Amino acid sequence: MDDSLVASGILVAATPLGNIRDASPRLVEALERADVIAAEDTRRTRSLAAALGAEIRGKVVSNFDHNEEQRAQELIRVARSGLVLVISDAGMPLVSDPGHSIVSAAHDAGVRVTCLPGPSAVTTALALSGLGVGRFIFDGFAPRKSGARTTWLESLKGEKRAICFFESPHRIGMTLAHAVEVLGPERRVAVCRELTKTYEEVRRGTLAELAEWAADGLRGEITVVIDGADSTPAPADEEDLVEAVLAKVDAGVRLKDAVKEVAKSAGVKVGDLYDAALNKRG
């Protein structure tokens, strides 16, 4: 089998997540042979090459989210006759990392694109999660804003495939707590942090358990895997929900509080249920 690198074109290459020994011999060769290396962080790329004993002979240019569209055509011109290596700080480019603009432009221009496979936080976390990940979706980073995060989580209620996403250390507790409210406390989840590094940790449990564990935040880079829903829940019957609300009111619970409790457990909108309960009371 011919294991040599292509002479020209775009080469997308995975880099180690943390353990330097996960780098392949072909990555070392690519770092040495590339005419241009398009790197998410040029300093980290040079440090990686030094750790691997690779001598960079080509030009190293920055390629990150805010400049890659402008950089793409320049790199395509080089790739017509030379080798352009596209790498991110860790893992596979394009997977919540830069690279899409270059690869898309290369395909449009008829320039060869190939991949040097390797480490990925997504597949590593899926493999370690111990959940049912034969079918999964990857959603990048969880939305930062509360409203957007609610909408996102609501869309996952009936998702039968496992859900994988990235989260920051200081938001992980808040995101898991929000998931408890929307997806329910018993949905299983795995939180994987510092994958392949010295302090690698995989914590498994229910959303409620891990939300409590991560309440004060965690350290390191985090990948989350949430188990898929067992089945898509049938829509709740409005009349039954209203009766449940009124039963709570008869027991001494304020109407607004009763509506919130029932709406949360049934996964329906508070406003709609409140209006229905008011109409029923006359």
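**Ground rules.** I number residues from 1 along each chain as its sequence is written, and side-chain values use heavy atoms, with hydrogens and water left out. Since the model is predicted, I note that local features need pLDDT of at least 70, side-chain atom pairs count only at pLDDT 80 or more, and totals for chains, interfaces and linings use all residues.

**Domains.** I looked up the domain assignment (bounds from an automatic or database source) and found domain 1 (9-119), domain 2 (122-226) and domain 3 (238-281). The C-alpha centres of domain 2 and domain 3 lie 31 Å apart. The unreviewed UniProt entry annotates residues 11-211 as "domain: Tetrapyrrole methylase"; such annotations may be inferred rather than shown by experiment, and positions follow the numbering used here. I read that span as 39% helix and 22% strand, with its end C-alpha atoms 40 Å apart. Helices (H or I, at least four residues) and strands (E, at least two) are DSSP runs, numbered from the N terminus.

**Parallel sheet.** I traced an open sheet of five parallel strands in the order β3-β2-β4-β1-β5. Strands β3 (59-62) and β5 (113-116) are at the edges with a single partner each, so one side of each has no neighbour in the sheet. The twist averages 25 degrees from one strand to the next (axes are lines fitted to C-alpha atoms; angles run from 0 to 180 degrees between N-to-C directions). Pairing requires at least two DSSP bridges between two strands; β2 (36-39) and β4 (83-87) have four. Val36 stands opposite Val84 in β4.

**Mixed sheet.** I then followed a second open sheet of five strands, β6-β7-β10-β8-β9, with mixed pairing. Its neighbouring strands are turned by 15 degrees against each other on average, direction ignored. Strands β8 (188-193) and β9 pair antiparallel over six bridges, and Val191 has Arg203 as its bridge partner in β9.

**Largest pocket.** I took a pocket as an open set of points on a 1 Å grid over the protein atoms alone, where a 1.4 Å probe fits, with protein on both sides within 12 Å along at least five of seven lines; lining residues have an atom within 4 Å of a point. The largest has a volume of about 580 Å³, the volume being the space filled by probe spheres set on the points. Of its 24 lining residues, the closest to its centre are Ala90, Asp97, Phe141, Phe166 and Glu221. I noted that the pocket lies between domain 1 and domain 2, because both give residues to its lining.
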